[in-house]
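Please look over the sequence and the fold first, and then follow the points below, which are grouped by topic.

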Amino acid sequence: SSGINAEYGRIAKVTTIGRRESSVVHDKLAHQVVDFEAGLPEEVFRDQDVAMCTLGTTRGKSGKEGFLRVDRDYILDFASKSRAADIKQFHLLSSSGASSQSSFLYLHTKGIVDDKVQEMGFEKAVIYRPNVLLCDREESRWGEKVARTFLGWFDSGRRMSIYVTDVAKTMKSSIFSDQPGNTIISNQEIISLAKEED
């Protein structure tokens, strides 16, 4: 939910969840620390209209089992509980190239999760598939820093990368679009929609 501007007039409140405390303070913002291993408590989903999921890790950071637990199990738990709570919209940050037919674990897992979310029957489900996210991470390996720096300099057309702020702008604006059903938004579409918000 970090991409939502809580001052946006049509948003009454924003509830964020995470493993750690948040330093962001706003009168419309409530943050709850949760243990994903223990399962998400039902009260997190009460009186919500929109759910946004940006969970993710990598196999390099968490190992194969850790990656599957976060990028498959945690996300599907979040989505299924959102659906059970009758939340109308579900917005999921996925990845460019995601496909259940992929032979690569990362893209295969992302594709399976995307498919399952779209099968859950939300009034509106939006899947965002950006390329490499350009942002500063608290936890970042040397190779990732080099790649992001290189892409930030040389990928001016944003064919291989995207600023995380552009993803946030598009996720926010998509909440208020009138298009129901399932939608997949590509990297270039995210960039184009973000420009409309500038």
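This is a predicted model: local features need pLDDT of at least 70, side-chain atom pairs count only at pLDDT 80 or more; totals for chains, interfaces and linings use all residues.

**Helix H4**

Helix H4, which covers residues 164-175, has 12 residues and reaches 17 Å from its first C-alpha to its last, close to the 16 Å expected at 1.5 Å a residue.

- In H4, the buried residues are Asp166, Val167, Thr170, Met171, Lys172, Ser173, Ser174 and Ile175.
- An α-helix has 3.6 residues a turn, so residues three or four places apart point the same way.

**The open sheet and its neighbour**

- Four strands form an open sheet in the order E3-E4-E5-E8, and their pairing is parallel.
- At the edges stand E3 and strand E8 (181-186), each of which pairs on one side only.
- Ignoring direction, neighbouring strands of this sheet are turned by 10° against each other on average.
- H4 packs on this sheet, where it touches E3, E4, strand E5 (124-129) and E8, and the direction of H4 makes about 165° with that of E4.
- The pairing of E3 with strand E4 (residues 89-93) is in the parallel sense and runs over four bridges, and Val50 stands opposite Gln89 in E4.

**Aromatic rings**

- The count of aromatic pairs comes to five.
- One of these pairs is formed by Phe45 and Phe78, which are tilted, with 5.8 Å centre to centre and 45° between the planes.
- Phe45 lies in the loop between strand E2 (29-33) and strand E3 (50-53), whereas Phe78 lies in helix H1 (residues 59-84), so the pair ties together parts that are 33 residues apart in sequence.
- Both Phe45 and Phe78 are buried, and together with Phe90 and Phe122 they form one aromatic cluster.

**Gln48 in the loop**

- Gln48 lies in the loop between E2 and E3, the loop in which Phe45 is also found.
- Is Gln48 buried or exposed? With a relative accessible area of 16%, which is under the 20% that marks the limit, Gln48 counts as buried.
- The side chain of Gln48 makes a polar contact with the side chain of Thr15, at 3.1 Å.

Key
Residues are numbered from 1 along each chain as its sequence is written. Side-chain values use heavy atoms; hydrogens and water are left out. Helices (H or I, at least four residues) and strands (E, at least two) are DSSP runs, numbered from the N terminus. The expected span of a helix is 1.5 Å times one less than its number of residues. Buried means under 20% relative accessible area, exposed over 50%, partly exposed in between (1.4 Å probe, protein chains only). Rings of Phe, Tyr and Trp (its six-membered ring) pair if their centres lie within 6.5 Å; planes under 30 degrees apart count as stacked, over 60 as edge-to-face and the rest as tilted. A polar contact is a pair of N or O atoms within 3.5 Å; within protein, one must be able to donate a hydrogen and the other to accept it, and residues adjacent in sequence count only if both atoms are side-chain atoms. Two strands pair if DSSP finds at least two bridges between them. Axes are lines fitted to C-alpha atoms, for helices over the stretch in contact, and angles run from 0 to 180 degrees between N-to-C directions. Contact means heavy atoms within 4.5 Å.
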